[in-house]
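Please look through the sequence and the model first, then read on.

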Amino acid sequence: MSDLAIELKGLTKTYGEGALAFQALKGIDLTVKAGEFMMLIGPSGSGKTTLLSILGCVLSPTSGEGYLFGEKLHGRKEADLPGLRLSYIGFIFQGHNLMPALTCEENVAFPLQLRGYSHKAAIAEAREVLDAVGLKDKFKKLPDDLSGGQRQRVAVARAVAGKPPLILADEPTAALDAETGMQVSMLLKKLTTERGHTVMVVTHDNRIFHLADRSVFIEDGLIVPPSAAH
Ligand SMILES: Nc1ncnc2c1ncn2[C@@H]1O[C@H](COP(=O)(O)OP(=O)(O)OP(=O)(O)O)[C@@H](O)[C@H]1O
Ligand SMILES: [Mg+2]
């Protein structure tokens, strides 16, 4: 595996076609070393979710080059994306996106089973990461029976389970109060540092900026130097 987690050169993304075309990313150059804990900061509409979606193998770039641990992101068939996503990515959303009918351990185990884990091995790994996020006594609870912070901790556990090399988080604290948001962010940092994941967190939450090894600023589809960021 490459020791560069992310390498983007002149990456663009255009939504739609013809008169309706909109260029959301206008030539992103970015290199992230394996093991870095990054924050991606920028105003609404600047392209953060678009960039995360390309890194997360949800969307393909329109032009330019992108590499994830040496694997090409550009010029891939649509059908390649889910496999890449399962191998490389753990995703944490703004809302927890847990499945309400599944228990916490089943929510964490489910993506592992998609990756080929047996039910037994998936549940064992799920319990280990739920324990690591402080939810040892909640394995069998449904998401509705947890607090917002606990649900987001399950989402953190689900993202890191099975050790995908890159964890992407799109405003993971947006639905939480300040103190809970800070606790979840510190937990995410601690767990991913211990386990050696590379992390990119999109956030507006300036209280958590200091957790980043490096912050990258995006405006109007381009990476800008910190001094130029608004
Ligand atoms: N599916 C789509 N079709 C057309 N335009 C889109 C689509 N998704 C996003 N856009 C546009 O691309 C631009 C970047 O959107 P994106 O969601 O990446 O921004 P963002 O930085 O995540 O914003 P926010 O902070 O509000 O979540 C916006 O102008 C948006 O309107
Ligand atoms: Mg967004």
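The text below takes up the ligand site, then the nonpolar cores, then a few single residues.

**The ligand site**

The model is a predicted one. In it, 13 residues surround ligand 1, and the closest are Ser44, Gly45, Lys48, Thr49 and Thr50. Sorted by class, this shell has 4 nonpolar, 7 polar and 2 charged residues.

| Residue | Atom of the residue | Distance to an oxygen atom of ligand 1 |
|---|---|---|
| Ser44 | polar side-chain atom | 2.6 Å |
| Gly47 | backbone N or O atom | 3.0 Å |
| Thr50 | polar side-chain atom | 2.5 Å |

Taken alone, ligand 1 exposes 640 Å², and the protein buries 59% of that area. Two elements give two or more residues to the shell around ligand 1: strand 2 (22-33) and helix 1 (48-55). Helix 1 provides the largest share of the shell, with 3 residues.

**The nonpolar cores**

In soluble globular proteins, nonpolar side chains tend to be buried together. The largest nonpolar core in this model has 39 residues. Those with the most contacts inside this core are Met39, Ile92, Val108, Leu130, Val133 and Val154. The elements that give two or more residues to the core are strand 3 (37-41), helix 3 (104-114), helix 4 (119-132), helix 5 (148-160), strand 7 (166-170), helix 6 (178-195) and strand 8 (198-202). The largest share, 6 residues, comes from helix 5.

Which residues does Ile92 touch, not counting residues up to four places away in sequence? They are Gln152, Ala155, Val156, Ala159, Ile167, Leu168, Ala169, Asp170, Pro172 and Leu188.

**Helix 3**

Helix 3 has a set of buried residues: Cys104, Glu105, Asn107, Val108, Ala109, Pro111 and Leu112. Val108 also belongs to the residues with the most contacts inside the largest core. The cover over the buried residues of helix 3 includes helix 2 (81-88), helix 4 and helix 5. An α-helix has 3.6 residues a turn, so residues three or four places apart point the same way. Just after helix 3, Gly116 takes a positive phi of about 105°.

Arg85 is found in helix 2. Is this residue buried or partly exposed? Arg85 counts as partly exposed because its relative accessible area is 31%, and that class runs between 20% and 50%. Leaving aside neighbours within four places in sequence, Arg85 is in contact with Gly56, Cys57 and Val58. With Cys57 there is a polar pair: a polar atom of the Arg85 side chain lies 2.7 Å from the backbone oxygen of Cys57. By C-alpha positions, Arg85 and Lys138 are 28 Å apart in space and 53 residues apart in sequence.

Cys57 sits in the loop between helix 1 and strand 4 (63-68). Its relative accessible area is 0%, so Cys57 is buried. The phi of Cys57 is near 60°, a positive value in a residue other than glycine. Most residues other than glycine have a negative phi.

Why does Glu171 count as buried? Its relative accessible area is 16%, and buried means under 20%.

Thr173 is also buried, because its relative accessible area is 6%. Apart from neighbours within four places in sequence, Thr173 is in contact with Gly181, Ser185, Thr203, Asp205 and Ile208.

**Thr12**

Thr12 lies in strand 1 (residues 4-15). With a relative accessible area of 9%, Thr12 is buried. Setting aside neighbours within four places in sequence, the contacts of Thr12 are Gln23, Leu25, Lys26, Gly27, Pro61, Thr62 and Ser63.

Definitions and conventions:
Residues numbered from 1 in each chain as written. Chains lettered and ligands numbered in written order. Predicted model: local features only at pLDDT ≥ 70, side-chain atom pairs only at ≥ 80, totals over all residues. Heavy atoms only, no water. Helix = DSSP H or I, 4+ residues; strand = E, 2+ residues; numbered from the N terminus. Buried < 20%, exposed > 50% of the residue type's maximum accessible area, 1.4 Å probe, protein only. Contact = heavy atoms within 4.5 Å. Near = heavy atom within 4 Å. Polar contact = N/O pair within 3.5 Å; in protein donor to acceptor, adjacent residues only side chain to side chain. Areas by Shrake-Rupley, 256 points an atom, 1.4 Å probe, with all protein chains shown as cover. Nonpolar A, V, L, I, M, F, W, Y, C, P; charged D, E, K, R; others polar. Core = buried A, V, L, I, M, F, W, Y, C linked by side-chain atoms within 4.5 Å.
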